[in-house]
Amino acid sequence: MENSEGVKIESTVVTEEPLISALDIALFVVIITVAYFWYFKRDKQSSSSEKKPYTIQPSSLSSIEQTSNSSFIKKLKSTGRSLVVFYGSQTGTAEEFAGRIAKEGARYKMKGMVADPEECDMADLVEMKEIQKSLAIFCIATYGEGDPTDNAMDFYEWLQNGDADLEGLNYAVFGLGNKTYEHYNEIAIYIDQRLEELGATRVHEIGLGDDDANIEDDFVSWKEKLWESVCSHYGIEETGEESNIRQYKLVDCSEVLPERIFSGEISRLKSYENQRFPFDVKNPYLSKIAVNRELHKSGDRSCMHIEFDIDGSKMRYDTGDHVAVYPKNSSELVDKIGELLNADLDAVFSLLNTDEESSKKHPFPCPCTYRTALAYYLDITSNPRTHIMKELIEYASDPKDQEKLKLMASSTPEGKKEFHEWILRDNRNIVHILEDLPSVKPDLDHLCELLPRLQCRYYSISSSPKVYPKSIHITAVLVNYTTPTNRVNKGVATNLLAQLIPTNDELPQPTIPIYIRRSQFRLPPKSQTPIIMIGPGTGLAPFRGFIQERDYARKEGREIGEMVLYFGCRKKDEDFIYENELQEYVANGTLTKLHLAFSRDQPEKKYVTHLLEQNADELWNIIGEKSGHLYVCGDARSMAKDVHSIIVKVVMEKGQMTNSQALNYVKKMEQQKRYSADVWS
């Protein structure tokens with residue numbers, strides 16, 4: 001920008017000096033052009049080096065190896081491998097599955113490696129045929145409204161826009177999705193079909209994992225049949241009993257200087273002490289908690305209104321976006337693990353990948369203490385998967401504990417039933433397992449290798465940047481529940497947030513790492529467009545921002561369209577959140593209508609879906625006759641599905657259409673972004 005502005009200024013001066021000849025002008029333009037391109041090239045090189053992501057690399061990695069990181073083909077050839085497993089992962093599950101497949105490849109004489117498509121030149125897939133008995137497997141999650149994960153976006157676009165000849169490429173695909181969402185496994189299905197269209201050979205049929213049911217069971221069942229197909233396709237046999245091979249080796253870091261030890265940072269060492277813009281998933285902003293207040297008026301449940309201070313951060317958000325919060329496990333659970341394993345949690349260690357060619361040198365930021373790893377980097381509250389059961393077997397000294405673990409790790413009907421009942425139904429986490437199987441004493445470094453990464457939690461932003469440019473608001477229900485074993489499980493993020501109460505200005509305010517995730521959940525471009533918002537419970541959150549934005553426009557003198565809100569909760573006097581605000585918006589005309597359903601204030605339960613059915617004329621008037629927009633936020637499993645069915649029914653009846661025509665009408669609304677959903681299961 002500086003260079004281009006300089007050219008503009010200089011050319012203005014020339015036009016004001018008529019005594020300069022045409023030759024002078026031509027020479028001047030040539031000089032400026034050469035200088036501009038020289039500076040542009042230098043700036044481009046400089047900026048590209050500045051934008052290089054921070055990675056933790058071993059000191060032995062040569063510059064030649066670093067420059068060839070994008071060529072997975074070179075790595076396969078140089079290390080005698082024939083199996084590469086790519087993952088498209090937003091929460092880490094697909095990456096975990098990819099690692100398990102690559103590890104099992106050794107049983108079938110297929111040495112494997114895991115690869116992030118974002119870090120690879122995926123055009124190299126055309127060269128896979130040069131490697132004898134090669135196989136590419138894709139563990140791909142579908143994210144949001146049928147979108148690829150962030151790290152698989154470039155690969156997805158390459159498949160869409162390219163026409164590479166993939167003849168000779170052998171492949172298989174496993175998708176990770178959730179049936180409560182409309183676009184179930186859409187990305188995996190597309191990749192599977194597109195690879196075949198480009199000439200690749202499908203070695204095994206696509207697997208579709210459903211996270212709403214039991215995605216672990218889906219994956220294990222598919223994986224077993226996959227290896228049967230692989231053996232048949234390549235004419236190979238399983239080499240024998242599977243052994244537990246460590247992916248990482250323990251490194252003692254007791255002599256490492258304190259300033260080189262990670263203490264909870266996501267990627268860059270000391271990033272919370274030296275904050276650098278821009279802030280994203282690998283570089284979150286350490287935000288102060290400006291407000292933390294209770295929204296429920298009574299009852300034994302809690303709903304928090306929390307405001308994150310972003311003043312001075314240069315962070316910008318739009319109404320409808322999400323904010324990611326990086327949680328921390330409770331010190332009580334962390335200490336419990338140390339106690340059960342008789343481990344020194346303050347010992348400093350590192351886990352180094354035994355595969356020197358892997359781009360992932362550590363499972364989480366290292367070196368750090370075990371306490372830091374268990375608190376900030378590892379998920380110790382979710383239900384462990386079956387492969388962890390298998391790895392724990394060797395650490396069980398009691399034969400009964402060994403047999404129980406072996407059963408749950410097996411793929412037999414009895415084993416699946418035991419895993420489902422003892423782990424999933426009874427909601428046991430790793431702490432509960434170690435408590436209930438007292439002879440199981442795994443090495444803590446091995447446990448740290450096995451446990452998945454602790455993921456950030458996403459919340460719909462419940463404020464408008466027009467009204468609150470220096471803060472981000474969220475609305476969060478405190479998660480606490482009793483399991484069948486009479487243990488109290490607590491939500492990791494909400495229980496941490498509940499403790500972060502701002503104090504007076506004289507004391508340091510509590511902080512937590514956050515970043516903004518963009519969303520397609522947007523108000524119509526024109527403020528005059530009428531909208532209907534359906535958001536029971538905390539589904540109200542993004543609509544609070546919508547209403548604030550339209551209210552801001554009204555106060556500026558702009559015309560705003562009808563705003564109809566459907567809100568529901570249990571009891572009016574207990575959990576009617578933001579009641580005064582909503583009533584004020586009704587009074588000043590910003591909110592045209594407020595339809596309320598209090599499910600437990602009368603003998604028969606009443607929900608927002610009942611109100612929608614009662615107001616079919618109003619619904620059709622806005623979405624049919626006035627081409628308005630409809631928004632849904634909340635539970636995907638039942639509420640959002642019920643709303644969709646009601647919308648189709650109203651379109652049929654009021655629009656005088658057949659069922660097929662109504663479904664197409666609603667589908668077109670979705671394509672035009674006139675029907676948007678921000679839902680979770």
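**View 1. Pairing of strands E19 and E20 around isoleucine 531.** In this predicted model, isoleucine 531 has methionine 563 of E20 as its bridge partner. Strand E19 (residues 531-534) and strand E20 (residues 563-569) run parallel and are joined by 4 bridges. Helix H17 (residues 541-555) packs on the sheet to which these strands belong, where it touches E19, E20 and strand E22 (629-635), and its direction makes about 150° with that of E19. Helix H22 likewise packs on the sheet, touching E19, E22 and E23, with its direction at about 150° to that of E22.

**View 2. The open sheet of 5 strands, with parallel pairing.** The strand order is E21-E20-E19-E22-E23, and the sheet is open. Its edges are formed by strand E21 (593-598) and strand E23 (675-680), each of which pairs on one side only. When direction is ignored, neighbouring strands of this sheet are turned by 10° against each other on average.

**View 3. Packing of helix H22 against helix H23.** Two packed helices are described by the angle between their axes and the distance between the axes. For helix H22 (residues 639-654) and helix H23 (residues 659-671), the angle is about 120° and the axes lie 9 Å apart; the two helices are therefore oblique to each other. The crossing in which H22 passes H23 is right-handed. On the H22 side the contact is made by His644, Ile647, Val648, Val651 and Met652, while H23 contributes Asn659, Ala662, Leu663, Tyr665, Val666 and Glu670. Sorted by class, the contact of H22 with H23 comprises 8 nonpolar, 2 polar and 1 charged residues.

**View 4. Antiparallel pairing of strands E10 and E15.** Strands of a sheet pair through backbone hydrogen bonds, either parallel or antiparallel. Strand E10 (residues 303-309) and strand E15 pair in the antiparallel sense, over 7 bridges, and methionine 304 stands opposite alanine 476 in E15. Of the 7 residues of strand E15 (residues 471-477), 6 are buried, so this strand is largely enclosed by the rest of the structure.

**View 5. The whole protein, as context for the close-ups.** The protein contains 23 helices and 23 strands, and buried residues account for 49% of its 681 residues.

Note on methods. Residues numbered from 1 in each chain as written. Predicted model: local features only at pLDDT ≥ 70, side-chain atom pairs only at ≥ 80, totals over all residues. Heavy atoms only, no water. Axes fitted to C-alpha atoms, helices over the stretch in contact; angles between N-to-C directions. Parallel < 35°, antiparallel > 145°, perpendicular 65-115°, else oblique. Left-handed = near helix turned anticlockwise from the far one by under 90°. Contact = heavy atoms within 4.5 Å. Nonpolar A, V, L, I, M, F, W, Y, C, P; charged D, E, K, R; others polar. Pairing = 2+ DSSP bridges. Buried < 20%, exposed > 50% of the residue type's maximum accessible area, 1.4 Å probe, protein only.
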